[in-house]
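The sequence and the model are shown first.

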Amino acid sequence: MIKLNDGKIGAKEFFAMIIFMIGIKFKDGTPELLYEAGKNAAWMMPLFSLVFLLVPFLMLLSLLKKHQTGFLELIFKLTGNHVGSILILLLFVLFFGSVTVNYRSHAEIISTLFFTKTPVAILVFVIVAASLYIAYLGLETIGRISWLILPTFFALMIVLIAFTWRQINWGFFFPIEGPGLAAVLRESVKHSAIISEVILLSALYPFLQKERDFRSSFSIGIVFSCIQLAVFLVLLVLVFDFPGVANINFPYQQLTRFVTIGPIISHAEGLFLGFWSIVTAIHFAIYLILLVFLFARLLRLKENARLLIPLAGIIFFLSLFPENVFQLTEYRKAYIAFKSWFAFCLVILLWVLDKWKGWKRQ
Amino acid sequence: MNTTLTGHLLYNVDKLKNIFHYPQSKALYIRSVYLSFLKREAVVFFVEGAAEIKTIESRILTPFLSEPVQTMDDDDIIDFLIEEILTSSICKKITTFDAAVNELINGNTVIFIEDERAAISVVTDAFKDRQITEPSTEFVIKGPKESFNESMSTNCSLIRKRIKDPNLISELLTVGDREPQQVTVMYIKDVADDGLVKQVKQRVNQIEIDVVIDLTILEHLIEKRPYSLIPSTLTTERPDRTVSFLREGHVVLLMEGSPLALIVPITFWSLIHTAEDQYLRWASGNFTRVIRLIALVITLLVPSVYLAVTTFHPEMFPTDLMLAIAASRERIPIPAFWELLFMEITLEILREAGIRIPTVIGPTIGIVGTIILGQAAVEANIVSPILVIVVSITGLASFAIPDIGFNIAVRITRFIFLISAAAMGFLGLSLAFIVFLAYAASYSSFGVPFFAPLAPSLPSSNDLYTRPPVQKQSLRPFHLFPKDKQRMKNRKERNK
């Protein structure tokens, strides 16, 4: 009997979702934060963060395998109902806030670079509406379109690298260590939230067709995303040099301006804006659906696509609160710093609780 | 009306006459015969135009009126007549008026016998059919040139000619309350998934309507989402294409009076592939397929990309080209969006008119199209010459999309994209695109997702954007859950 629309996704779809959740962060405001913190060695930060998060990730995977439930159920199971609710509430608030800020920051990028006359509210609205519709169609659909778009995404990224190759000055690579290895390491830990957000994806554990797929896609996806982030952070430094890259706004979008495809297309940034918007819509749809998961678990509701509409509505209005980009950056910094520690500690806490319970039973 | 026949011949005859409004209607033909070897009266009925008189004369009347070699040894007269007198290959015994009427309107001859509670039906139908001709919409240069005609039995035979397999099942279902019509459901028993076959039959059986006029109407009736832009079924007039779908594990529906086969379930790929992709060699087949995909992208996106670039992202073009475009638009008083919309709609009118126009004055429309739209509109400064190029390329490309339903869906979507590009340039266009893609990805036909087996990713022969050589297409697509998953065993297994 045909069971293809059972709401579950496969390994490839999940992998694509991780890429679109984490691996595309070089396209938004993230590089700015990283360059500020890691100077021209910022490209090492995703890799160091990955190393730093290696232990929690492995703990998480072993916990999931042991208990065979999603991340959120795991929290309830190990910490109990009350503490679990508080933890999930915290997670929800954190992610809700950062998604809101991210929406606004995307709209600001478009507003600053492309549509200077269009009100930011309209830009936010369009992005929210598109991602809401995609999220409304469900996890399956998000997985499918992620996988459909992924080859084009890689192809365009290769085009981007190939056509900006001439602008590269390998001398800008040095000093390799930037502000010093210790400083880079410290900042990597502080900014590990950029990657550790992926922990939330483990809430989708029960929605994978095969349990084995989760582990492989999760690991490959994260490593791939980090390498991708590192490659683009290197590319940006090699093209713009430090501190130039930290001083210009939205270095990725500036980079796309360098792409000249022969005598036909003199500036391809419009093309990249188009594709970037597609990727953005998928990116936010993933976040929205994760938020619904959190919210539904918090209130013990069934995951219902209808919950998306009020959530997206609130996100839209809240995202209009910050007055300008500078406020936004501050919010982002605060969120990232807090989330980094929270995610790390949460996983450790769960692991310790699990061990402690096992020990007590013996 | 579903009453059984009585033993009174006169009563039976009168009742049947009443049903057919005889003598007011001249449809029913009645011929009485005296069967001397039985010493009984018999009445032969058939319907004008539906039955063939010559067959009736040679298969029924001649044996009835000549002295039989055999003598009556059977208790049942009806069985005796069927087994030993009538020379027709298909005869059956019927016992109700309902059955008698059904047989008559399907062109068969019904014989009532004196003092018998049953009747005989003999197959004599002779509805006029069109010859088997070349396909008119799915033409190929290399490959079979037969197409279906309006007779269900001919269509079945065209399929059976290609699949010589006892596992090819054809089941008969009936739809329509007022005028019951037969629908043939065909599938290969040891390939097609049982659940799928059951689901298709269920959908057909659930139809509540008085008359199903044609297979194309049946197509709408078995669809789950009637308002959707994307079709969830496919019709083809090519028996070879139908057969290749059957062999993959699809289910095919046929109906009397329709020169098409209805195929379910379908995916995006079946809508853009053609039979010729497989008939041509690997390189040529893939080339035509890639060209068709490019045409699809051009149809969908070129007008809106043009609009987005000229109105929102002029920096994309080199200065010289941009200046050329600007210069050509200089004297045009209308905004680019309206200009484009006007031209696109005109093109659609041209297409529609081209289909409806009588063939005799067909060439005129070409002249009207090219001269009035291409030349005069430009000279009158209503549209710019570059726009004419954009619209003609789009129009030309749209003809390359093979399936009519999908073709029109793409053309409609093009207008949606046009509006979004007019509103917000590349941002609007790409958001509209991803929303549309998401919709398509969530869409499913009989439980099979639209982009399967690419997304969701499932094992298949990768007969998608391109196709591998025939010998490498060893798997049946898994999204259909075929019972027999492999088309060909690999060499090692074969040698065992």
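The model is predicted: local features need pLDDT of at least 70, side-chain atom pairs count only at pLDDT 80 or more, and totals for chains, interfaces and linings use all residues. Residues are numbered from 1 along each chain as its sequence is written, chains are lettered from A and ligands numbered from 1 in the order in which they are written, and side-chain values use heavy atoms, with hydrogens and water left out.

## The interface of chains A and B

Contact is defined as heavy atoms within 4.5 Å. By this rule, 39 residues of chain A are in contact with 37 residues of chain B. The two chains bury about 3300 Å² between them, and 76% of this lies on carbon and sulfur atoms. Buried area here is the accessible area (1.4 Å probe) that two parts lose on being put together, summed over both.

Three elements of chain B give two or more residues to the side that touches chain A: helix 6 (194-206), helix 16 (404-442) and strand 12 (448-449). Helices (H or I, at least four residues) and strands (E, at least two) are DSSP runs, numbered from the N terminus. Helix 16 of chain B provides the largest share of that side, 14 residues. By residue class, the side of chain B that touches chain A holds 26 nonpolar, 9 polar and 2 charged residues. In this division Ala, Val, Leu, Ile, Met, Phe, Trp, Tyr, Cys and Pro count as nonpolar, Asp, Glu, Lys and Arg as charged, and the others, Gly among them, as polar.

Between chain B and chain A the count of salt bridges is 0; a salt bridge is a side-chain nitrogen of Lys or Arg within 4 Å of a carboxyl oxygen of Asp or Glu. The interface does have 5 residue pairs in polar contact, both residues being at pLDDT 80 or more. A polar contact is a pair of N or O atoms within 3.5 Å; within protein, one must be able to donate a hydrogen and the other to accept it, and residues adjacent in sequence count only if both atoms are side-chain atoms.

## Selected residues and one helix

A:Glu13 is found in helix 1 (residues 11-23) of chain A. A:Glu13 is buried yet has no salt bridge, and the nearest side chain of opposite charge, A:Arg144, is 5.9 Å away. For charge, Lys and Arg count as positive and Asp and Glu as negative, while His and the chain ends are not counted. Buried means under 20% relative accessible area, exposed over 50%, and partly exposed in between (1.4 Å probe, protein chains only). A polar atom of the A:Glu13 side chain lies 2.9 Å from the backbone nitrogen of B:Ser457. Beyond its neighbours within four places in sequence, A:Glu13 is in contact with residues including A:Trp147, B:Ala455 and B:Pro456.

A:His191 is placed in the loop between helix 7 (181-190) and helix 8 (193-196) of chain A. A:His191 is buried, with a relative accessible area of 11%. Although 145 residues separate A:His191 from A:Pro46 in sequence, their C-alpha atoms are 8.5 Å apart.

B:Ser304, in helix 11 (residues 282-311) of chain B, is buried at 0% relative accessibility. Not counting residues up to four places away in sequence, B:Ser304 touches B:Phe417, B:Leu418, B:Ala421 and B:Leu429.

In helix 8 (residues 239-248) of chain B, 8 of the 10 residues are buried. B:Gly249, with a positive phi near 110°, follows this helix.

## Salt bridges

Over all chains, the whole structure has 31 salt bridges.

| Pair | Closest N to O distance |
|---|---|
| B:Arg411 and B:Glu348 | 2.8 Å |

B:Lys483 lies in the loop between strand 12 and helix 17 (491-495) of chain B and B:Asp194 in helix 6, so this pair ties together parts that are 289 residues apart in sequence. B:Lys483 is partly exposed at 40% relative accessibility, and B:Asp194 is partly exposed at 45%.

B:Arg411 in helix 16 and B:Glu348 in helix 13 (residues 336-356) of chain B are 63 residues apart. B:Arg411 is buried at 11% relative accessibility, and B:Glu348 is buried at 18%. Elsewhere, salt bridges that share partners join B:Asp277, B:Arg289, B:Arg292 and B:Asp463 into one network.
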